[in-house]
Amino acid sequence: MYQGLIKRYREWLPVTEQTPVISLFEGSTPLLPMPRLAAAISPHIALYAKFEGMNPTGSFKDRGMTLAVSHACQEGRTVLMCASTGNTSASAAAYAARAGMQCVVLIPGGKIALGKLSQAIVHGAKVLAIEGNFDEALRLVREICAEFPIALVNSVNPMRLQGQKTVAFEVVDDLGDAPDYHAMPVGNAGNITAAWMGYSEYHAAGKSASMPVMLGFQAAGAAPLVHGKPVLQPETVATAIRIGNPASWQGAVRAKEESGGLIDCVTDAEILEAYAMLPALEGVFAEPACAAPVAGLKKLAAQGFFNKPCSVVVTLTGHGLKDPDTAMQSAASPLVAVAASRDAVLQAMGFCA
Ligand SMILES: *Cc1c(COP(=O)(O)O)cnc(C)c1O
(Lines give C-alpha, C1' and ligand atoms only; values in the text may rest on other atoms or scores of the structure.)
Protein backbone atom coordinates (compact mmCIF):
# COMPACT_ATOMS: atom_id res chain seq x y z
CA MET A 1 0.00 0.00 0.00
CA TYR A 2 1.25 3.48 -0.82
CA GLN A 3 2.15 5.28 2.41
CA GLY A 4 3.24 8.76 1.44
CA LEU A 5 6.32 10.43 0.05
CA ILE A 6 8.61 10.06 3.08
CA LYS A 7 8.27 6.28 2.74
CA ARG A 8 8.62 6.37 -1.03
CA TYR A 9 11.65 8.66 -1.19
CA ARG A 10 13.18 8.09 2.26
CA GLU A 11 16.81 7.84 1.05
CA TRP A 12 16.52 11.24 -0.64
CA LEU A 13 15.15 13.02 2.42
CA PRO A 14 16.65 14.25 5.70
CA VAL A 15 14.91 11.73 7.97
CA THR A 16 16.28 9.10 10.34
CA GLU A 17 14.83 6.04 12.04
CA GLN A 18 13.97 8.36 14.95
CA THR A 19 11.84 10.71 12.84
CA PRO A 20 8.14 10.10 13.51
CA VAL A 21 6.44 10.09 10.11
CA ILE A 22 3.39 12.36 10.15
CA SER A 23 1.68 11.61 6.86
CA LEU A 24 -1.66 11.75 5.10
CA PHE A 25 -0.19 9.60 2.30
CA GLU A 26 0.50 12.69 0.20
CA GLY A 27 2.42 12.68 -3.09
CA SER A 28 2.29 10.26 -6.03
CA THR A 29 -0.16 12.61 -7.74
CA PRO A 30 -1.31 11.95 -11.32
CA LEU A 31 0.76 13.13 -14.27
CA LEU A 32 -2.03 13.62 -16.77
CA PRO A 33 -1.52 13.97 -20.52
CA MET A 34 -3.32 17.13 -21.70
CA PRO A 35 -3.73 16.66 -25.47
CA ARG A 36 -6.68 19.00 -25.98
CA LEU A 37 -5.12 21.80 -23.98
CA ALA A 38 -1.80 21.26 -25.79
CA ALA A 39 -3.53 21.57 -29.16
CA ALA A 40 -5.00 24.90 -28.05
CA ILE A 41 -1.56 26.17 -27.06
CA SER A 42 0.97 24.94 -29.63
CA PRO A 43 1.26 22.18 -32.26
CA HIS A 44 4.76 21.40 -30.97
CA ILE A 45 4.18 20.49 -27.35
CA ALA A 46 3.36 17.22 -25.59
CA LEU A 47 1.77 18.61 -22.46
CA TYR A 48 1.40 16.88 -19.08
CA ALA A 49 -0.18 18.26 -15.94
CA LYS A 50 1.19 17.26 -12.56
CA PHE A 51 -2.09 17.60 -10.70
CA GLU A 52 -1.05 18.55 -7.19
CA GLY A 53 -4.67 19.29 -6.34
CA MET A 54 -4.90 15.53 -5.75
CA ASN A 55 -2.86 15.77 -2.56
CA PRO A 56 -4.79 15.12 0.70
CA THR A 57 -5.56 18.78 1.45
CA GLY A 58 -5.75 19.72 -2.23
CA SER A 59 -2.39 21.38 -2.86
CA PHE A 60 1.33 20.65 -3.16
CA LYS A 61 1.87 22.20 0.28
CA ASP A 62 1.26 18.72 1.74
CA ARG A 63 4.58 17.52 0.29
CA GLY A 64 6.50 20.03 2.35
CA MET A 65 4.21 19.81 5.35
CA THR A 66 4.67 16.08 5.93
CA LEU A 67 8.39 16.65 6.36
CA ALA A 68 8.15 19.94 8.28
CA VAL A 69 5.63 18.55 10.77
CA SER A 70 7.49 15.25 11.17
CA HIS A 71 10.61 17.25 12.07
CA ALA A 72 8.73 19.57 14.41
CA CYS A 73 7.38 16.47 16.13
CA GLN A 74 10.85 14.96 16.43
CA GLU A 75 12.07 18.21 18.01
CA GLY A 76 9.29 18.02 20.59
CA ARG A 77 7.36 21.04 19.34
CA THR A 78 3.67 21.17 20.18
CA VAL A 79 2.65 24.30 18.29
CA LEU A 80 2.95 25.07 14.56
CA MET A 81 2.64 28.51 13.05
CA CYS A 82 2.51 29.88 9.52
CA ALA A 83 1.54 32.84 7.40
CA SER A 84 -0.61 31.82 4.48
CA THR A 85 -2.41 32.88 1.36
CA GLY A 86 -4.60 29.86 2.15
CA ASN A 87 -3.14 26.51 1.18
CA THR A 88 -0.29 26.49 3.69
CA SER A 89 -2.82 27.06 6.46
CA ALA A 90 -5.08 24.26 5.18
CA SER A 91 -2.14 21.87 5.04
CA ALA A 92 -0.56 22.93 8.34
CA ALA A 93 -3.92 22.63 10.11
CA ALA A 94 -4.50 19.10 8.77
CA TYR A 95 -1.02 17.82 9.61
CA ALA A 96 -1.18 19.46 13.05
CA ALA A 97 -4.42 17.58 13.71
CA ARG A 98 -2.79 14.36 12.50
CA ALA A 99 0.13 14.92 14.89
CA GLY A 100 -2.01 16.10 17.80
CA MET A 101 -0.38 19.52 17.71
CA GLN A 102 -1.82 23.02 17.86
CA CYS A 103 -1.74 25.27 14.81
CA VAL A 104 -1.88 29.04 14.49
CA VAL A 105 -2.24 30.66 11.08
CA LEU A 106 -1.96 34.30 10.06
CA ILE A 107 -3.86 35.15 6.89
CA PRO A 108 -4.28 38.40 4.98
CA GLY A 109 -7.75 39.64 5.96
CA GLY A 110 -10.39 39.22 3.24
CA LYS A 111 -8.00 37.80 0.65
CA ILE A 112 -8.22 34.07 1.13
CA ALA A 113 -10.32 31.62 -0.86
CA LEU A 114 -13.32 30.16 0.98
CA GLY A 115 -12.39 26.48 0.61
CA LYS A 116 -8.96 27.02 2.12
CA LEU A 117 -10.33 28.98 5.04
CA SER A 118 -12.91 26.28 5.75
CA GLN A 119 -10.14 23.66 5.82
CA ALA A 120 -8.08 25.55 8.42
CA ILE A 121 -11.22 25.96 10.52
CA VAL A 122 -12.45 22.35 10.43
CA HIS A 123 -9.01 21.06 11.42
CA GLY A 124 -9.13 23.26 14.49
CA ALA A 125 -6.45 25.83 13.72
CA LYS A 126 -6.53 29.23 15.37
CA VAL A 127 -7.04 31.48 12.36
CA LEU A 128 -5.98 35.11 12.75
CA ALA A 129 -6.86 37.47 9.91
CA ILE A 130 -4.43 40.38 10.02
CA GLU A 131 -4.99 43.82 8.61
CA GLY A 132 -2.17 43.42 6.16
CA ASN A 133 -0.90 41.30 3.27
CA PHE A 134 0.97 37.97 3.16
CA ASP A 135 4.41 39.55 3.34
CA GLU A 136 3.49 41.34 6.57
CA ALA A 137 1.97 38.14 7.99
CA LEU A 138 5.18 36.22 7.26
CA ARG A 139 7.31 38.92 8.89
CA LEU A 140 5.21 38.61 12.07
CA VAL A 141 5.37 34.81 12.09
CA ARG A 142 9.16 34.85 11.71
CA GLU A 143 9.46 37.32 14.56
CA ILE A 144 7.24 35.30 16.91
CA CYS A 145 8.78 31.91 16.06
CA ALA A 146 12.27 33.32 16.71
CA GLU A 147 11.15 34.29 20.21
CA PHE A 148 8.99 31.30 21.24
CA PRO A 149 9.43 27.51 20.84
CA ILE A 150 6.97 27.34 17.97
CA ALA A 151 7.66 25.46 14.73
CA LEU A 152 7.52 27.78 11.73
CA VAL A 153 6.13 25.77 8.80
CA ASN A 154 6.31 28.28 5.97
CA SER A 155 8.66 27.46 3.11
CA VAL A 156 11.47 29.41 4.85
CA ASN A 157 11.63 26.16 6.85
CA PRO A 158 14.11 24.10 4.78
CA MET A 159 12.15 20.90 5.47
CA ARG A 160 9.30 22.28 3.37
CA LEU A 161 11.52 22.50 0.30
CA GLN A 162 12.98 19.06 1.00
CA GLY A 163 9.52 17.53 0.85
CA GLN A 164 8.44 19.58 -2.14
CA LYS A 165 11.46 18.54 -4.23
CA THR A 166 9.85 15.07 -4.53
CA VAL A 167 7.52 16.38 -7.22
CA ALA A 168 10.49 16.37 -9.61
CA PHE A 169 11.36 12.78 -8.65
CA GLU A 170 7.82 11.68 -9.46
CA VAL A 171 7.81 13.42 -12.84
CA VAL A 172 11.10 11.76 -13.81
CA ASP A 173 9.94 8.39 -12.47
CA ASP A 174 6.73 8.65 -14.54
CA LEU A 175 8.23 9.98 -17.79
CA GLY A 176 11.47 8.00 -17.61
CA ASP A 177 13.45 11.25 -17.91
CA ALA A 178 13.03 14.95 -17.18
CA PRO A 179 10.68 16.87 -19.51
CA ASP A 180 12.13 19.54 -21.81
CA TYR A 181 10.26 22.26 -19.92
CA HIS A 182 8.63 22.52 -16.51
CA ALA A 183 6.18 25.40 -16.05
CA MET A 184 4.76 26.47 -12.69
CA PRO A 185 3.25 29.40 -10.81
CA VAL A 186 5.57 31.44 -8.59
CA GLY A 187 4.47 33.20 -5.41
CA ASN A 188 6.81 32.94 -2.44
CA ALA A 189 9.09 30.97 -4.83
CA GLY A 190 9.66 28.00 -2.53
CA ASN A 191 8.13 25.56 -4.97
CA ILE A 192 10.22 26.45 -8.01
CA THR A 193 13.30 26.36 -5.78
CA ALA A 194 12.31 22.91 -4.51
CA ALA A 195 11.40 21.49 -7.93
CA TRP A 196 14.76 22.59 -9.33
CA MET A 197 16.52 21.05 -6.32
CA GLY A 198 14.72 17.77 -7.01
CA TYR A 199 15.62 17.73 -10.70
CA SER A 200 19.24 18.62 -9.87
CA GLU A 201 19.62 15.89 -7.25
CA TYR A 202 18.04 13.22 -9.43
CA HIS A 203 20.21 14.22 -12.38
CA ALA A 204 23.39 14.23 -10.28
CA ALA A 205 22.54 10.70 -9.13
CA GLY A 206 22.07 9.50 -12.70
CA LYS A 207 18.31 9.05 -12.38
CA SER A 208 17.65 11.31 -15.39
CA ALA A 209 19.65 11.98 -18.55
CA SER A 210 18.56 15.60 -18.76
CA MET A 211 17.16 18.50 -16.75
CA PRO A 212 14.20 20.69 -17.71
CA VAL A 213 14.21 24.36 -18.57
CA MET A 214 12.25 25.98 -15.73
CA LEU A 215 9.45 28.39 -16.69
CA GLY A 216 8.06 30.37 -13.76
CA PHE A 217 4.99 32.59 -14.03
CA GLN A 218 3.81 35.33 -11.70
CA ALA A 219 0.65 37.41 -11.88
CA ALA A 220 1.23 40.84 -13.45
CA GLY A 221 0.03 42.60 -10.28
CA ALA A 222 2.35 40.54 -8.10
CA ALA A 223 5.49 40.10 -10.20
CA PRO A 224 8.49 41.14 -8.08
CA LEU A 225 10.80 38.60 -9.75
CA VAL A 226 9.93 39.95 -13.18
CA HIS A 227 10.46 43.59 -12.18
CA GLY A 228 13.51 42.83 -10.05
CA LYS A 229 12.11 44.56 -6.98
CA PRO A 230 9.50 43.89 -4.28
CA VAL A 231 5.88 44.89 -4.95
CA LEU A 232 4.40 46.71 -1.94
CA GLN A 233 0.70 46.19 -2.75
CA PRO A 234 0.47 42.90 -4.69
CA GLU A 235 -2.91 42.32 -6.36
CA THR A 236 -4.26 39.41 -8.39
CA VAL A 237 -7.28 37.14 -8.71
CA ALA A 238 -4.83 34.26 -8.15
CA THR A 239 -4.67 34.77 -4.38
CA ALA A 240 -2.23 31.87 -3.84
CA ILE A 241 0.47 33.90 -5.61
CA ARG A 242 -0.49 37.32 -4.29
CA ILE A 243 2.98 37.87 -2.81
CA GLY A 244 5.15 40.96 -3.23
CA ASN A 245 8.45 39.92 -1.65
CA PRO A 246 9.18 36.20 -2.16
CA ALA A 247 11.14 34.51 0.65
CA SER A 248 12.91 32.19 -1.83
CA TRP A 249 13.84 34.99 -4.25
CA GLN A 250 17.41 33.70 -4.71
CA GLY A 251 16.25 30.13 -5.20
CA ALA A 252 13.92 31.20 -8.00
CA VAL A 253 16.66 33.18 -9.71
CA ARG A 254 19.00 30.20 -9.41
CA ALA A 255 16.40 27.82 -10.89
CA LYS A 256 15.91 30.23 -13.79
CA GLU A 257 19.60 30.83 -14.45
CA GLU A 258 20.93 27.30 -13.95
CA SER A 259 18.19 25.82 -16.15
CA GLY A 260 18.39 28.51 -18.83
CA GLY A 261 14.74 29.31 -18.14
CA LEU A 262 12.69 32.39 -17.47
CA ILE A 263 10.30 34.02 -15.02
CA ASP A 264 7.57 35.99 -16.74
CA CYS A 265 4.15 37.30 -15.78
CA VAL A 266 0.60 37.11 -17.11
CA THR A 267 -2.36 39.42 -16.55
CA ASP A 268 -5.43 38.49 -14.52
CA ALA A 269 -7.42 38.45 -17.79
CA GLU A 270 -5.00 35.88 -19.23
CA ILE A 271 -5.15 33.88 -15.99
CA LEU A 272 -8.96 33.77 -16.04
CA GLU A 273 -9.01 32.69 -19.68
CA ALA A 274 -6.62 29.79 -18.99
CA TYR A 275 -8.51 28.99 -15.76
CA ALA A 276 -11.64 28.35 -17.82
CA MET A 277 -9.84 26.35 -20.54
CA LEU A 278 -8.43 23.68 -18.22
CA PRO A 279 -11.70 22.26 -16.87
CA ALA A 280 -13.56 22.76 -20.15
CA LEU A 281 -10.96 21.07 -22.37
CA GLU A 282 -9.52 18.45 -20.03
CA GLY A 283 -11.91 17.84 -17.15
CA VAL A 284 -9.32 19.08 -14.70
CA PHE A 285 -10.38 21.74 -12.21
CA ALA A 286 -7.49 23.70 -10.77
CA GLU A 287 -7.45 26.92 -8.77
CA PRO A 288 -6.67 30.30 -10.39
CA ALA A 289 -2.93 30.33 -9.51
CA CYS A 290 -2.49 27.15 -11.59
CA ALA A 291 -3.77 28.96 -14.62
CA ALA A 292 -0.79 31.35 -14.54
CA PRO A 293 1.65 28.85 -16.06
CA VAL A 294 -1.00 27.66 -18.54
CA ALA A 295 -1.53 31.26 -19.64
CA GLY A 296 2.25 31.68 -19.64
CA LEU A 297 2.73 28.76 -22.02
CA LYS A 298 0.08 30.25 -24.28
CA LYS A 299 1.87 33.59 -24.23
CA LEU A 300 5.24 32.00 -25.03
CA ALA A 301 3.73 29.89 -27.82
CA ALA A 302 2.24 33.05 -29.40
CA GLN A 303 5.76 34.52 -29.40
CA GLY A 304 7.08 31.47 -31.29
CA PHE A 305 8.93 30.11 -28.24
CA PHE A 306 8.10 26.47 -29.06
CA ASN A 307 9.31 25.72 -32.59
CA LYS A 308 10.09 22.00 -32.45
CA PRO A 309 8.55 18.97 -30.73
CA CYS A 310 9.10 19.08 -26.97
CA SER A 311 7.64 17.80 -23.72
CA VAL A 312 6.20 20.23 -21.19
CA VAL A 313 5.05 19.55 -17.65
CA VAL A 314 2.91 22.13 -15.91
CA THR A 315 2.36 21.93 -12.15
CA LEU A 316 -1.28 22.45 -11.25
CA THR A 317 -0.54 23.43 -7.68
CA GLY A 318 -4.01 23.38 -6.10
CA HIS A 319 -7.54 22.07 -6.58
CA GLY A 320 -10.23 24.24 -8.15
CA LEU A 321 -12.74 23.44 -5.40
CA LYS A 322 -10.70 25.58 -3.03
CA ASP A 323 -11.98 28.74 -4.65
CA PRO A 324 -15.67 28.30 -5.51
CA ASP A 325 -16.27 32.07 -5.59
CA THR A 326 -13.91 32.64 -8.50
CA ALA A 327 -15.40 29.62 -10.27
CA MET A 328 -18.92 30.96 -10.03
CA GLN A 329 -17.97 34.54 -10.89
CA SER A 330 -16.14 33.50 -14.05
CA ALA A 331 -18.57 30.78 -15.12
CA ALA A 332 -19.34 30.80 -18.84
CA SER A 333 -22.76 29.18 -18.40
CA PRO A 334 -24.70 30.53 -15.42
CA LEU A 335 -27.51 28.59 -13.82
CA VAL A 336 -30.78 28.45 -15.75
CA ALA A 337 -33.95 28.31 -13.67
CA VAL A 338 -36.68 26.12 -15.17
CA ALA A 339 -40.13 24.91 -14.15
CA ALA A 340 -40.29 21.29 -12.97
CA SER A 341 -41.90 20.03 -16.18
CA ARG A 342 -40.77 17.89 -19.10
CA ASP A 343 -41.54 20.60 -21.66
CA ALA A 344 -39.76 23.35 -19.76
CA VAL A 345 -36.66 21.18 -19.35
CA LEU A 346 -36.65 20.14 -23.03
CA GLN A 347 -37.09 23.74 -24.10
CA ALA A 348 -34.18 24.86 -21.89
CA MET A 349 -32.10 22.08 -23.45
CA GLY A 350 -32.85 23.42 -26.90
CA PHE A 351 -34.75 20.21 -27.72
CA CYS A 352 -38.19 21.76 -28.06
CA ALA A 353 -40.44 20.74 -30.95
C1 LIG B 1 1.55 28.19 -2.39
C2 LIG B 1 0.96 28.12 -3.74
C3 LIG B 1 1.60 28.63 -4.89
C4 LIG B 1 2.90 29.35 -4.81
O5 LIG B 1 3.98 28.55 -4.43
P6 LIG B 1 5.30 29.25 -3.90
O7 LIG B 1 6.12 28.15 -3.36
O8 LIG B 1 4.86 30.20 -2.83
O9 LIG B 1 5.91 29.96 -5.06
C10 LIG B 1 1.01 28.46 -6.12
N11 LIG B 1 -0.18 27.85 -6.24
C12 LIG B 1 -0.84 27.36 -5.17
C13 LIG B 1 -2.15 26.71 -5.39
C14 LIG B 1 -0.29 27.48 -3.90
O15 LIG B 1 -0.97 27.00 -2.86
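A polar contact here is a pair of N or O atoms within 3.5 Å; within protein, one of the two must be able to donate a hydrogen and the other to accept it, and residues adjacent in sequence count only if both atoms are side-chain atoms. The model is a predicted one, with local features needing pLDDT of at least 70 and side-chain atom pairs counting only at pLDDT 80 or more, while totals for chains, interfaces and linings use all residues. Residues are numbered from 1 along each chain as its sequence is written, and side-chain values use heavy atoms, with hydrogens and water left out.

A backbone N or O atom of alanine 189 lies 2.8 Å from one of the ligand's oxygen atoms. On its own the ligand exposes 380 Å², and the protein buries 97% of that (areas by the Shrake-Rupley method with a 1.4 Å probe; for residues, only the protein chains shown count as cover). Asparagine 188 brings a polar backbone atom to 2.7 Å from a ligand oxygen, and asparagine 87 places a polar side-chain atom 2.6 Å from an oxygen of the ligand. There are 16 residues around the ligand, and Lys61, Asn87, Asn188, Ala189 and Thr317 come nearest; to be counted as near, a residue needs a heavy atom within 4 Å.

Where does the ligand sit? It is in the largest cavity. A cavity is a set of points, on a 1 Å grid over the protein atoms alone, where a 1.4 Å probe fits but cannot get out; a molecule sits in one if more than half of its atoms lie within 2 Å of its grid points.

Back to alanine 189: this residue is found in the loop between strand 7 (181-185) and helix 9 (190-204), helices (H or I, at least four residues) and strands (E, at least two) being DSSP runs numbered from the N terminus. Its phi is near 75 degrees, a positive value in a residue other than glycine. Alanine 189 counts as buried because its relative accessibility is 4%, where buried means under 20% relative accessible area, exposed over 50% and partly exposed in between (1.4 Å probe, protein chains only).

Serine 28 also has a positive phi, about 50 degrees, although it is not a glycine. Serine 28 belongs to the loop between helix 1 (5-8) and strand 1 (31-33), and is partly exposed, with a relative accessible area of 33%.

Next comes helix 3, which covers residues 61-74. Its 14 residues reach 20 Å from first C-alpha to last, close to the expected 20 Å (1.5 Å times one less than the number of residues). Twelve of the 14 are buried, leaving the helix mostly covered; Lys61, Asp62 and Arg63 are among them.

In the loop between strand 2 (45-51) and helix 3 lies asparagine 55, which is buried, with a relative accessible area of 4%. A polar atom of the asparagine 55 side chain is 2.8 Å from the backbone nitrogen of glycine 27, and one is 3.1 Å from the backbone oxygen of glutamate 52. Just after the helix, glycine 76 takes a positive phi of about 80 degrees. Glycine 76 lies in the loop between helix 3 and strand 3 (79-83) and counts as exposed, since its relative accessibility is 52%.

Technical notes
On a 1 Å grid over the protein atoms alone, a cavity is a set of points where a 1.4 Å probe fits but cannot get out, and a pocket is an open set with protein on both sides within 12 Å along at least five of seven lines; lining residues have an atom within 4 Å of a point.
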